[in-house]
Amino acid sequence: MHQKIVILDFGSQVTQLIARRVREAKVFCEIHPFHAGLKVCEGATGIILSGGPASVYVPGAPQVDAAIYKLGVPVLGICYGMQVTAHVNGGKVIKADEREFGRTDLEVLGDDPLFAGLPKSQMVWMSHGDRIEVIPGATVIAKSANCPLAAVHAPALNFRGVQFHPEVAHTQFGAQIIGNFLTKVCGCRGDWTMGSFIEEEIARTRTQVGSEQVILGLSGGVDSSVAAVLLHKAIGTQLTCIFVNNGLLRAGEADGVQKLFADHIGLKLVYADASERFLTALAGVSDPEQKRKIIGKLFVDVFKDEALKIKQSGGGHVKFLAQGTLYPDVIESISVHGGPASVIKSHHNVGGLPADLGLGLVEPFRFLFKDEVRAIGSELGLPDEVVWRQPFPGPGLAVRILGDITAEKVNVLQKADLIVREELKKAGLERVIWQSFAVLLPVKSVGVMGDERTYENACAIRAVTSTDGMTADFAHIPHDVLGKMAGRIINEVRGINRVVYDITSKPPGTIEWE
Ligand code: XMP
């Protein structure tokens, strides 16, 4: 089995970046809240203590069990992780006269393996208001003008600490410093690849599922698609994928999914056409939250019905629900601020799975980041159009039709949306853009086409760049591309006579309009 690094999170905004750097060095890692204690460190090859916003000397500040330094496993403390180490081992941390923030010149002293192969003078990123005066038994291995203990080695504690942040991109050799900790200090082999992940996950899923039946909601999005193919490889016909057509999909989506997964890949796919059911339930509903609730509940109902149908047709009792839950969702739900019991199950792809669904969860990607799932998708042979697909919200076009929803409005929006996608693709901007789509507005305006007056709806084009969907900037699409989109929409889509471009960033806006 692969080696594992445990990252204890003290509430830093960038703890996930530590995990990214470790994974990039091909070493598996898990993030746990600091209070998860010694138990989660069992079997670790190394431990990393993250940064955090607190001051260690303030009552109630997050602490670490000093027994961690006696496990015989190397520990790396980053910023707060270094300060807390000093604090619990009889050292001294005080408020600094001056906060140190931003790019700082670091001078490396001696030849500690943490800085092996790196220049003696380098740029690092600092962000701290406290300063370590003493760590018992520690040797200074790097300093900066304002920080005499910028990096230390304390052999008796099996500890190395850095006051700066090697996980952020601004630290010149940050990835190499973390890499040195992993390979030169912890002795990690760096053999955790997507190929090895696939093999391990297939074996793990077979053990978890045994001979039971599993259903998976296949939306056609990256996560559920890759999960479907991986699980198909693991358990073959024990997996039934359910594709729910809720009548709120993008143009061509239902056919595309059917062709690829059933015809080409050959997995068991149930096509549940529930479009009338959804549109009927949504008729006359304008409130965004109410729309979401109705859709979430109906998804669950359709799932339950399909599971029952499988049983009734002699396909066996469905015991598991598979989902493409990703690691950031899992981390969020067990964050430093959530209690240890505030775990995970609430995360799902379909918008509201009740606790009483009565199915066990199979979540092959609950330890992976999105780009790792994409890499697995490519490794499993999924085409680029699927692997690089833009995120699409569970409630679909319902949250892109402002006001009440009708089949006719869905049809109008699908056409406009397809034009946005086609023109973006032609302009070669698909991969640069995080999401791009059309929104149908409940606003009518006057126009003129030929010699005739028109009085039709307006449509907004929304396109954003982002790395994770949490923050986003409106995409600076060239005006001629926007012009082509607008021209085609007005000419080709009856019902829309005006197009506007949304230039709101997130925050303060959100990506979707509802
Ligand atoms: P917002 O609009 O909150 O969206 O800025 C952030 C990202 O999440 C997607 N999104 C959803 N995805 N179910 C989903 O699976 C949902 O209910 C949902 N709402 C928003 C959105 O498309 C964007 O990528």
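## A surface-side salt bridge

Arginine 131 is partly exposed, with 30% relative accessible area. Here, buried means under 20% relative accessible area, exposed means over 50%, and partly exposed falls in between (1.4 Å probe, protein chains only). Glutamate 133 is also partly exposed, at 35%. The two residues form a salt bridge, and their closest N and O atoms are 3.4 Å apart. A salt bridge is a side-chain nitrogen of Lys or Arg within 4 Å of a carboxyl oxygen of Asp or Glu. Side chains of opposite charge can pair when their charged atoms come close.

This is a predicted model: local features need pLDDT of at least 70 and side-chain atom pairs count only at pLDDT 80 or more, while totals for chains, interfaces and linings use all residues. Residues are numbered from 1 along each chain as its sequence is written, and side-chain values use heavy atoms, with hydrogens and water left out.

The structure holds 26 salt bridges. One of them joins aspartate 417 and arginine 250, at 2.9 Å from N to O. Aspartate 417 lies in helix α12 (residues 407-426), and arginine 250 sits in the loop between β11 (239-245) and α6 (253-265), so the pair ties together parts that are 167 residues apart in sequence. Helices (H or I, at least four residues) and strands (E, at least two) are DSSP runs, numbered from the N terminus. Aspartate 417 is buried at 0% relative accessibility. Arginine 250 is buried too, at 9%.

A further salt bridge runs between aspartate 502 and arginine 462, with the closest N and O atoms 3.2 Å apart. This pair also links distant parts of the chain: aspartate 502 is in the segment after β18 (496-501), arginine 462 is in strand β16 (residues 452-465), and 40 residues separate them. Both aspartate 502 and arginine 462 are buried. Elsewhere, salt bridges link Glu422, Glu423, Lys426, Arg488 and Glu492 in a network.

## The nine-stranded sheet

Nine strands make an open sheet with mixed pairing, in the order β2-β1-β3-β4-β9-β8-β7-β5-β6. The edges are β2 (28-33) and β6 (121-134); each has a single partner strand, so one side of each lacks a neighbour in the sheet. On average, neighbouring strands are turned by 25° against each other, direction ignored. Strands pair if DSSP finds at least two bridges between them. Strand β1 (residues 4-9) and strand β3 (residues 46-49) pair in the parallel sense, over four bridges. Among these strands' residues, isoleucine 7 has isoleucine 48 in β3 as its bridge partner.

Helix α1 (residues 15-24) packs on the sheet and touches β1, β2, β3 and β4 (75-78); its direction makes about 165° with that of β2. Helix α2 (residues 80-88) lies across β3, β4, β5 (92-108), β6, β8 (147-154) and β9, and runs at about 35° to β6. Axes are lines fitted to C-alpha atoms, for helices over the stretch in contact, and angles run from 0 to 180 degrees between N-to-C directions.

Glutamate 30 lies in strand β2. Glutamate 30 counts as buried, at 12% relative accessibility. Its contacts (heavy atoms within 4.5 Å) are Lys4, Ile5, Val6, Ile7, Tyr327 and Phe367, leaving aside residues up to four places away in sequence.

Glutamate 167 lies in the loop between β9 (159-162) and α3 (174-185). Glutamate 167 is buried at 0%. With residues up to four places away not counted, glutamate 167 touches Val14, Leu17, Ile18, Arg21, Ile78 and Ile178. Its side chain makes a polar contact of 2.9 Å with that of histidine 165. A polar contact is a pair of N or O atoms within 3.5 Å; within protein, one must be able to donate a hydrogen and the other to accept it, and residues adjacent in sequence count only if both atoms are side-chain atoms. Valine 420 lies in helix α12. Valine 420 is buried, with a relative accessible area of 0%. Its contacts, again without residues up to four places away in sequence, are Ser436, Phe437, Ala438, Ile461, Met485 and Ile489.

## Around the ligand

The residues around the ligand (a heavy atom within 4 Å) are Arg292, Pro391, Pro393, Gly394, Pro395, Trp434, Gln435, Gly469, Lys506, Thr510, Ile511 and Glu512.

Which distance separates a polar side-chain atom of arginine 292 from an oxygen atom of the ligand? That distance is 2.6 Å. For lysine 506, a side-chain N or O atom is 2.7 Å from a ligand oxygen atom. For glutamate 512, the corresponding distance is 2.5 Å.
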